Protein chains: 2
Amino acid sequence: MSHYKAPLADMRFALFDVIGAEAAFERMGFADATRDVLDAVLEEGARFNETVLAPLNAVGDREGCRLDLATGEVTTPPGFKQAYAQYVDGGWSGLTAPAEFGGQGMPHAAGVPLKEMIDAANLAWGNFPLLSHGATEALLHHGEAWQQERFLKPLVDGRWTGTMCLTEPHCGTDLGLLRTRAEPLGDGRYAITGTKIFITAGEHDFTDNILHLVLAKLPDAPAGSRGISLFIVPKMRVDEDGTLGERNAVRCGSLEHKMGIHGSATCVLNFDGAEGFLVGQPHKGLVAMFTMMNTARLAVGLQGLGLSDRAYQNALAYSRDRLQMRALSGPKFPDKPADPIIVHPDVRRMLLTCKALVEGGRAMGYHAALQVDLAHHAPEAAEREQADALLGFMTPIVKACLTEWGVECTYHALQCYGGHGYIAEHGMEQLARDARITTLYEGTTGIQALDLLGRKVLQQQGAGLKLMLGLIEAFCETPDLPAPAQAFVAPLRAKLAEWQQLTLRIGQRAAADPEEVGAAAHDYLMYSGYVCLAYWWARSVAAAEASSHPEALKAAKRETARFYFRRVLPRTLMHAAAIDAGAATLMALDADAFD
Amino acid sequence: MSHYKAPLADMRFALFDVIGAEAAFERMGFADATRDVLDAVLEEGARFNETVLAPLNAVGDREGCRLDLATGEVTTPPGFKQAYAQYVDGGWSGLTAPAEFGGQGMPHAAGVPLKEMIDAANLAWGNFPLLSHGATEALLHHGEAWQQERFLKPLVDGRWTGTMCLTEPHCGTDLGLLRTRAEPLGDGRYAITGTKIFITAGEHDFTDNILHLVLAKLPDAPAGSRGISLFIVPKMRVDEDGTLGERNAVRCGSLEHKMGIHGSATCVLNFDGAEGFLVGQPHKGLVAMFTMMNTARLAVGLQGLGLSDRAYQNALAYSRDRLQMRALSGPKFPDKPADPIIVHPDVRRMLLTCKALVEGGRAMGYHAALQVDLAHHAPEAAEREQADALLGFMTPIVKACLTEWGVECTYHALQCYGGHGYIAEHGMEQLARDARITTLYEGTTGIQALDLLGRKVLQQQGAGLKLMLGLIEAFCETPDLPAPAQAFVAPLRAKLAEWQQLTLRIGQRAAADPEEVGAAAHDYLMYSGYVCLAYWWARSVAAAEASSHPEALKAAKRETARFYFRRVLPRTLMHAAAIDAGAATLMALDADAFD
């Protein structure tokens, strides 16, 4: 079984030293989000995740969820329901929700390390409360007052959980094709009918009620994605005073058998004239759904990060422990029968890749989360707008890169174990299987890439990109940067220039041929992610040097940054070349000629 | 469930058009290996694999193998045993074995497409007969006459299967640490005692007997890997006339629970004074074992290839079928509700990556297999030596690259399915799980990399490398290359020069610090693999142009080669940069400072 210890020291380093969250929280008026309080929250979160959730990870994988076809009820793996009760008792469900709906009103960015811990400790379990946050966001921003009153509080206090019901058998990415329909009943209620698939936490035994947020079409809906509306469909009907009534006409028809996250209930949900309520304007459901989706995309990015970290922790421990061969430069532990494999450069290559992607990714992910707070709570409107643009730009990068790196890190970590990594009892293969979903759900990597290049860069005149470039430029021009950080300025400047030129060239080609956007998107996204990560590594070194942390931490940041710049950042060369290869290299072959 | 159709057209193209196997077989005196005979063998092999093995792939994954702890007997998944009987009846087990031991005496390279089909059709099943070939090789080259007489024939005709028993709980890569011991009984027999793990096909119900080839130490063994001897330990004792006697003292103690290849029996074998016979010289077991291992390494490379191809076939069919979104340049199928996803450049990027790695990898893998034949049967001694050197050089590249690409291709193919790829019923996730073992067993990618750079390039003065460089150079200087192939000459020459300079620089650095070898090895191996593949793509284009194949095939080869050179070959930039980063970027961080 794999172990997990919350990386509190590096979480604090990212949050406080690198992105300066404490000052930002104060500036936004989060009076309770002081360093002391946040430290206590982190400690308590670590305890809960290490002792309650982490030990249930293997059980969840082994036992999975079970559906009783006769009743449509789902039983979660042993211990999952009890852990959820502890989660609710601990007040975790409403940590970052507004106080007026029963939340604790902490900043979003303060909740993110907790989210990372949950994902690392037990990703499958974490998917049950996950979508409550998205549903909360949707109702906060688009719900009517009575909907907020009736539906929001139980989500915030964890009495209920939420879902996002988008996908249907014939459409996932292309929601314009969806067939679920909503018939007005004339009294403000709607009858929802259709089949939704891949519904995470669509049915379970954690809570008495589940709030489904469902995309469906009204009878007069225009064709395509401009004709989609959003509805609340509770599993149990809810009276005006909030008491639960009878079962609504929505039922789990089956559970998917998946590669991983066996402990998560991935449901087919059949709506058979279920009672629902419109959220927001008719036909404007996608807008509201994107509110949920953007939250969920950042959250899935953190899933990649959490899994990477757990995989890395275990590979590191194994590499220090496992004795095999001697170092090529001579025995390092002559008293042992062989050297621990961490002496071998190739094992170090794999470990350092994980360390660089995890710690750099943590700073990047937490910074994006801070933009969520700034977009809503920054004192000045201009700053709020900027944060929103930067967030829009970074969301696809965080989602796609952290999940692709999750697949990569779980690969490297398993590889460090040799053949033992393939055996279930070590727990590494579960992490690899669990990680594999993260590049698929909430928009595949390809979809994130199109969102970044097509929408955020080309359609929005690169507002977010300019802000990111500005951040990097400002860093490069920081006066009196400590020498170890200064060493990264020149390579960072070079990448900055290259990034701008690449973007210009894509824009020019795309004006002539729209397929150029799709042809460049994936490599552009990964390229951008690696340049952003280079920035976060340079900033991490600067932050470490400026801090009062021990020299060991400073050295570790320096050496990992050096490793990153010399051995990982060159991936940008490959992505730049692929981008410049253009669309013709992808589009020339006839679809019939691929065999 | 995923489908599989043997890619006969491309197999023939690789074998006959690209590597010119027919002429080579004739030159080596394989009178029966004519084009007609080989075509018939391929057709019959396709039928067997498509109709018998492929449909059992999902069953094997679902049901796995079962161990009866009371008897130590293993039951294989439903249908596996019957399929093996058909395999034996069809004469497949002895296809490439010498006629004097009951084989059909076909060249090794002629058996390789069959091997690829088996791996693609049902990798887990393929692991049962797989190691019979290795055991056959070891006995052919190192066994005494009576051992060949008694043990070889039943292996060749498929009545028995073989195993390779190397790994122990505390040692896999580092065989010098092994503890299994062999006590001489004074009559030419030995009593073998110890525990071996990860023994593929260590116990099963296919055959009446299993021949274990076991590494163990004699009482007077020198320490380390120079004190290892190889023994034959049959599961059932064998009388002089070949009849089976009583059960030997070797028993399956447990089956591993693995990420994939559930249908393969991966056994813990306990030897408790089991009767065994020495193969080859005392303390020289590693030499004999390497005979098996090299065969097995090429074979595992083909596993990566086979899985890649099956994954690609399914992703291609899905991408032509699945309707989602419109092409960015406007609807391509306006009569359908959406365009098939193969119109999208990013889907094409994933498909073309698979196609380029599969078809190029096939030519590369088959060519390496041809060197096995040439090393033994080429008319001139010099040619045999050259083939042996080239084979030694290519073996780690074929093993590591084809398996890493197997992981990559199953990743891309699954990704083409979106969320559906994560669901077991589509079969894509099984391919990804099965592929994951191939970069681990028979020497991890890291071990292949050290074998390539440390042994084959630096220790052996690059004999194999020079031959490979010579092949590429000769191609570049071919007079009257058809224009489409000529277009690849300049980039190929550039890579050739870069490869030589990189190698020189590594050699210089390694002279000063042996850790430089380990620090460069992985990236050097991948770099070499991508340059070799560029050569095979250029040669494939030349071969296609020179052939009488239809224009559609020529165009497909041209466009895929163009894609490869422009979008995949640039990965060499990243690997070259990582190599030049040197050992310091890996070794600087103290082992205690990785947390």
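In chain B of this predicted model, B:Phe231 sits across from B:Leu278, a residue of strand 11. That pair belongs to the contact between strand 7 (residues 229-234) and strand 11, which run antiparallel and are joined by three bridges. Strand 11 itself covers residues 266-279, and eleven of its 14 residues are buried, so call it mostly covered by the cut-off of under 20% relative accessible area.

One place to look is B:Thr200, which faces B:Thr266 of strand 11. Then there's strand 10 (residues 250-255), again antiparallel to strand 11 of chain B, this time over five bridges. Here B:Ser254 lies opposite B:Val268 of strand 11.

Now for strand 6 of chain B, residues 209-216. Eight of its eight residues are buried. In a regular strand, side chains alternate between the two faces of the sheet. On one side of strand 6 of chain B are B:Asn209, B:Leu211, B:Leu213 and B:Leu215, on the other B:Ile210, B:His212, B:Val214 and B:Ala216, and both faces are covered. Strand 3 (residues 160-165) of chain B pairs with strand 6 of chain B in the parallel sense, and B:Thr163 is found opposite B:His212 there. Strand 7 of chain B runs antiparallel to strand 6 of chain B, with B:Ala216 facing B:Ser229.

Setting aside residues up to four places away in sequence, B:Lys235 touches B:Glu73, B:Glu203, B:His204, B:Asn209, B:Ile210, B:His212, B:Arg247, B:Asn248 and B:Val250. With a relative accessible area of 5%, B:Lys235 falls under the 20% limit and therefore counts as buried.

Over in chain A, strand 6 (residues 209-216) has eight of its eight residues buried. A:Asn209, A:Leu211, A:Leu213 and A:Leu215 point one way, while A:Ile210, A:His212, A:Val214 and A:Ala216 point the other. Its partners are strand 3 (residues 160-165) of chain A, in the parallel sense, and strand 7 (residues 229-234) of chain A, in the antiparallel sense.

Here are some of the pairings with their bridge counts and one facing pair each:

| Strands | Sense | Bridges | Facing pair |
|---|---|---|---|
| 3 and 6, chain A | parallel | six | A:Met164 and A:Leu213 |
| 6 and 7, chain A | antiparallel | six | A:Val214 and A:Phe231 |
| 3 and 6, chain B | parallel | six | B:Thr163 and B:His212 |
| 6 and 7, chain B | antiparallel | six | B:Ala216 and B:Ser229 |

Zooming out, chain A holds 19 helices and eleven strands. Its radius of gyration is 24 Å, close to the 25 Å that the globule rule gives for 595 residues, so chain A is as compact as a globular protein of that length. Along the principal axes, its C-alpha atoms fill a box of roughly 80 × 60 × 60 Å. Of the 595 residues of chain A, 65% count as buried. Among contacts in chain A with a separation of 6 or more, 74% come from residues 24 or more positions apart.

As for the surface, chain A has about 20,000 Å² of accessible area, and carbon and sulfur atoms make up 53% of that. Chain A carries 54 positive and 70 negative charges, and their mean positions lie 5 Å apart.

Methods:
Residues are numbered from 1 along each chain as its sequence is written. Chains are lettered from A and ligands numbered from 1 in the order in which they are written. Side-chain values use heavy atoms; hydrogens and water are left out. Buried means under 20% relative accessible area, exposed over 50%, partly exposed in between (1.4 Å probe, protein chains only). Helices (H or I, at least four residues) and strands (E, at least two) are DSSP runs, numbered from the N terminus. Two strands pair if DSSP finds at least two bridges between them. The radius of gyration is taken over C-alpha atoms; the globule rule is 2.2 Å times the number of residues to the power 0.38. Contact means heavy atoms within 4.5 Å. Accessible areas come from the Shrake-Rupley method with a 1.4 Å probe; for residues, only the protein chains shown count as cover. Lys and Arg count as positive and Asp and Glu as negative; His and the chain ends are not counted. The place of a charge is taken as NZ of Lys, CZ of Arg, CG of Asp or CD of Glu.
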